[in-house]
Amino acid sequence: MRVDVKIPGGVESYCIDERGDKRVASEALWMETFLCGVLRAYAYADDGSGESIKKIVGVRRFDPITSTEMEHRFLDAAERLFFKGSQLGSDPEVQVPNNASNHLTTGLINYIHTTGRYTSGINLFEKLRTRDMEVSSLLAEVMLSADEEVQAVNLLHDAIAKLPMDYALLDCQASFCQSKGRLDWALECAKRGVTAAPSEFSTWAKLAEVYVGMEQWDLALLTLNSCPMFTYQEKDLPRMPEPARILLPVLADSMLDEIDDSTQSQYGEQVHPSLRKLHAAGYKGTFLKAYSLLTEITAKIGWDQLLRIRSQVFVMEEEYRSEKQIGPGNSASNPNASTTALRGTPSPAINGAQLNGHADAEMASPTDEEGSVNDKTLSPTSPPHSATFASKSIERPEHTVTSELLSPEKDDSAEPPNGNANYTHFQNKRLCERWLDNLFMVLYEDLRIYTIWRTDMARAQSESSDYRKSAEEWEILGELAERLHHFPEAVEAYQACLRVRFSPKAMK
């Protein structure tokens, strides 16, 4: 859409099509423009930290819907254009946009949850459900948010009876059962969701969440390894060039150094290079969700136990080299990891006797440096007393064997002789995806920096000395602790940041 204002002259509005030709701006196009404008306003809204939207100094954002009349106009436009929503695309976690998963439905759900206008959302989706049963998942989600669980359960029952292979309905049902503590019911719903949409990331992520809740760590890793990962697509965001200087109409008496977020104050801070190199801070989309699941497992069972389960589930490099030296014998076909995760046959050695791991508060109990993750027992040692010791105390994970390293004839592995007790279950292991192997390395680096930070903090407290960091360093440490599910430590870092200067990221 283009609007030309000529002074003197007049105002001319027109539109440009995909070929660059000039077209007449019709009422239907103006309605689409209004709806997309509201959706963009909510999509651009953030906490001011500059993470999702690049900060533009001097910009003030207004609420696009300020009255009931404007809300009715917005919902009426959404109802008319609802079934064109798939043309807008979808979030990066969704591979194929549909009527229930696209930017329009995401914006509607965001508006309903933000404003609490659940009655308006229920009325809208009720009318749309008469035209397409796929909308039932959105209606059930709004009903559950509005604390109308009985009606939502009845709706899910009737909708799944008519659409038994709708993965959005199954995911919604699994989430509800999960919130009620019935993980056994949620597991069956999540399995059916994976069967209905095996190419969607959300179904596999939901199944992995259920396995984590059931403390079936090996199946959780296998399910995570089977997740289809999508390349993150950047949002269509406004990008402004960096100004040479900024002159804002602000009174001198109202300016405070501690809340000044100008570029000069940001670039003047010193940040340790190791904090700049944390790759996990840049994860988005499916990789962010997968990393969150991996850190959740680590927070519950500890780093050492995670490495043990990893080495018992996936083929390690040392095992592969040993198998190549032995040579092919009586080959046995490996079951598929996805099928194993769906069948749900956890190994008792992993989920039973070995669950009494060391899940201490630091999440990373140090291990013997000479020990191997594959074939040696990792024994915890005493807590580190210096930063140097802390950096070496966490066992660096060894690489697994990925599918790219194996030739087709090596996919079926032979079982080693009985004399090699370490590799008796080699044929039952899986090949780890390269992206998941990289996540383990990134998690190791996060844990190493976290352990150094907490060790230095404890040493400073014991010596009654000040532990000084810049505001940006405290922000990074707070994000690090939050990623690792250490929320009290994250709050501590954010509070320390706010004592230095104001930070929207720390205030969230």
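In this predicted model, helix α7 supplies the largest share of the lining of the second largest pocket, contributing 6 residues. The pocket has a volume of about 1,000 Å³. Its lining comprises 27 residues, of which D91, S101, E141, D171 and S202 are the closest to the centre. Two or more lining residues are given by each of the elements α3 (103–115), α5 (136–145), α7 (167–179), α9 (201–213) and α13 (285–301). By class, the residues of the lining divide into 12 nonpolar, 9 polar and 6 charged.

Helix α5, one of the elements that give two or more residues to this lining, also packs with helix α6 (residues 149–162). The axes of the two helices lie 8 Å apart and form an angle of about 165°. Because angles over 145 degrees count as roughly antiparallel, α5 is described as roughly antiparallel to α6. The crossing of the pair is left-handed.

On the α5 side, the contact is made by S136, L139, A140, M143 and L144. The residues of α6 that take part are E149, Q151, A152, L155, L156 and A159. The contact of α5 with α6 contains 8 nonpolar residues, together with 2 polar and 1 charged.

Technical notes:
Residues numbered from 1 in each chain as written. Predicted model: local features only at pLDDT ≥ 70, side-chain atom pairs only at ≥ 80, totals over all residues. Heavy atoms only, no water. 1 Å grid on protein atoms, 1.4 Å probe; cavity = no way out; pocket = protein on both sides within 12 Å on 5 of 7 lines; lining within 4 Å. Points joined across faces, edges and corners; volume = space filled by probe spheres on them. Helix = DSSP H or I, 4+ residues; strand = E, 2+ residues; numbered from the N terminus. Nonpolar A, V, L, I, M, F, W, Y, C, P; charged D, E, K, R; others polar. Axes fitted to C-alpha atoms, helices over the stretch in contact; angles between N-to-C directions. Parallel < 35°, antiparallel > 145°, perpendicular 65-115°, else oblique. Left-handed = near helix turned anticlockwise from the far one by under 90°. Contact = heavy atoms within 4.5 Å.
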